[in-house]
Amino acid sequence: MSTTQPVLETAEQPEQLRTGASVRIENLSRYYGPVKAVDDLNLEIPAGTFLTLLGASGCGKSTTLALIAGLDRPNGGRIFLGDDDITDLPPNEREMAMVFQSYALYPHMSVAENIAFGLKLRRRPAAEITQRVNDVAALLDLSHLLDRRPSQLSGGQQQRVGLGRALVKQPRVFLLDEPFSNLDAALRARMRTEIKHLHLRLGTTTVFVTHDQEEAMSLSDRIAVMKDGKVIQFGTQQDIYSRPANLYVATFVGSPQMSLVRGTLVKSGDSATLHTEAFDLALGDANAIGLGSAQSGTAIVLGARAEDVRVSLGEEPSPTTGVSVCKASVILIEPMGSDTFVELRIGSQSVVARISPQADIHLGDSVWLQLTISRSHFFNGDTEERLGP
Ligand code: ADP
Ligand code: MG
């Protein structure tokens, strides 16, 4: 479903129909003294996209969002809504609505009054306000709570009222700053699903901020991973997960964390080996894994997701093309229900594998670790940038 029609239009006197708009950010900067909170940031958000700014605390997500909303002013750069340069427009002329982590509802107003507040400020006719509040309440499952005060609501319900206040304005862009981080895990998962349904129904361009990679992966059409005020990778969740651009993204995204094996590249003709003091891993044809132009002697890091590591007991597995085998010992077992993760020690390094919960593997077991080389990731050990495809 890809409707871009706002479903909240009213029968009587609809405000001008608004659909989601694209947002373009060019060379945006915001400095606080020596701190570059946002540092020459560029971003294109196509109309109707659900985009997530993902990054660790302090990387500049909230500042970026506040600049888009017009709540803060940049030191440099431009912001466009569709084709319009809105850099110098005040917040109320930007056709955007923002939802914060702390929902800050008006405590002395009912739910209905809280949702209606923005429309009253805009002096919309009373009948239209009632209609739009009722529509939004129905959409967010708040209809039975309209007469309550915020203090009489659960955290999840309060956050839904916060969303309602934004939705009722029929904005062209939604800005959501860690809206679920005050909620417990179960509620957070439910709100995540609700937001996704809402986006599918309304098609409003959404910029969502979170430090939670799982939240970002499950919600987004596009993810911009931020670090030090810059976007360090932009792509679909599949791009970010399967082709991380550098070691930072590789280890920030995915749970359990991607395992890293550090060593030196040794080449003999086209044949590559990852050499460490304790063991050697045969990597096969260097060209096939994008190490064709890397020099022998280069420090490299092999990255492996738990689902790409296999474990077997008993006889050494017969050689298979594209699979590298080495001896390892089990140092940790973590049952998670549907999967079990085992940490394996090879030399002084460790690798996590996903195994079946039924597997007969015990702490201290000596096992064979099998790595599918074509599914492994390679990074330059010094620059930490991705090597190869
Ligand atoms: P995030 O939302 O990703 O956690 P922020 O955008 O809030 O990050 O902050 C980015 C950087 O800018 C941080 O180093 C933060 O300390 C700094 N910063 C943010 N707001 C201010 C401010 N009002 N004054 C000084 N420094 C600030
Ligand atoms: Mg923040």
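**Figure 1. The lining of the second largest pocket, divided by class into eight nonpolar, seven polar and seven charged residues.** The structure shown in this and the following views is a predicted model. The second largest pocket holds about 370 Å³ of space. Its lining is made up of 22 residues, and those closest to the pocket centre are Ser-374, Arg-375, Ser-376, His-377 and Arg-386. Two or more lining residues come from each of four elements, namely helix H7 (237–242) and strands E13 (280–285), E20 (377–380) and E21 (386–387). Both domain 1 (23–252) and domain 2 (259–387) take part in the lining of the second largest pocket, each with at least three residues.

**Figure 2. The largest pocket, with about 750 Å³ of space.** A lining of 27 residues surrounds this pocket, and Met-96, Ala-97, Met-98, Gly-118 and Lys-169 lie nearest its centre. Strand E6 (96–99), helix H2 (111–121) and helix H4 (155–167) are the elements that supply two or more residues to the lining. The greatest contribution is that of H2, which provides five residues. Sorted by class, the lining of the largest pocket comprises 16 nonpolar residues, six polar residues and five charged residues.

**Figure 3. The shell of residues around ligand 1, with five nonpolar, five polar and one charged member.** The shell consists of Tyr-32, Val-35, Ala-37, Ala-56, Ser-57, Gly-58, Cys-59, Gly-60, Lys-61, Ser-62 and Thr-63. At least two of the shell residues belong to strand E2 (35–45), and at least two to helix H1 (61–69). H1 gives the most to the shell around ligand 1, its share being three residues.

**Figure 4. Polar atoms of Gly-60, Lys-61 and Thr-63 beside oxygen atoms of ligand 1.** For Gly-60, the atom concerned is a polar backbone atom, at 3.1 Å from an oxygen atom of the ligand. For Lys-61, a polar side-chain atom is placed 2.9 Å from a ligand oxygen atom. Thr-63 likewise presents a polar side-chain atom, in this case 2.5 Å from an oxygen atom of ligand 1. On its own, ligand 1 has 560 Å² of accessible area, of which the protein covers 58%.

**Figure 5. Backbone geometry at Glu-95, a residue with a positive phi of about 55°.** Negative phi values are found in most residues other than glycine. Glu-95 is not a glycine, yet its phi is positive. The residue is situated in the loop that runs between strand E5 (84–85) and E6.

**Figure 6. The cis peptide bond from Ser-255 to Pro-256.** Most peptide bonds are trans. The bond from Ser-255 to Pro-256 is instead cis, and its omega is near 0°. Pro-256 is located in the loop between helix H8 (247–252) and strand E11 (259–268).

How values were computed. Residues numbered from 1 in each chain as written. Chains lettered and ligands numbered in written order. Predicted model: local features only at pLDDT ≥ 70, side-chain atom pairs only at ≥ 80, totals over all residues. Heavy atoms only, no water. 1 Å grid on protein atoms, 1.4 Å probe; cavity = no way out; pocket = protein on both sides within 12 Å on 5 of 7 lines; lining within 4 Å. Points joined across faces, edges and corners; volume = space filled by probe spheres on them. Nonpolar A, V, L, I, M, F, W, Y, C, P; charged D, E, K, R; others polar. Domains from an automatic or database assignment. Near = heavy atom within 4 Å. Polar contact = N/O pair within 3.5 Å; in protein donor to acceptor, adjacent residues only side chain to side chain. Areas by Shrake-Rupley, 256 points an atom, 1.4 Å probe, with all protein chains shown as cover.
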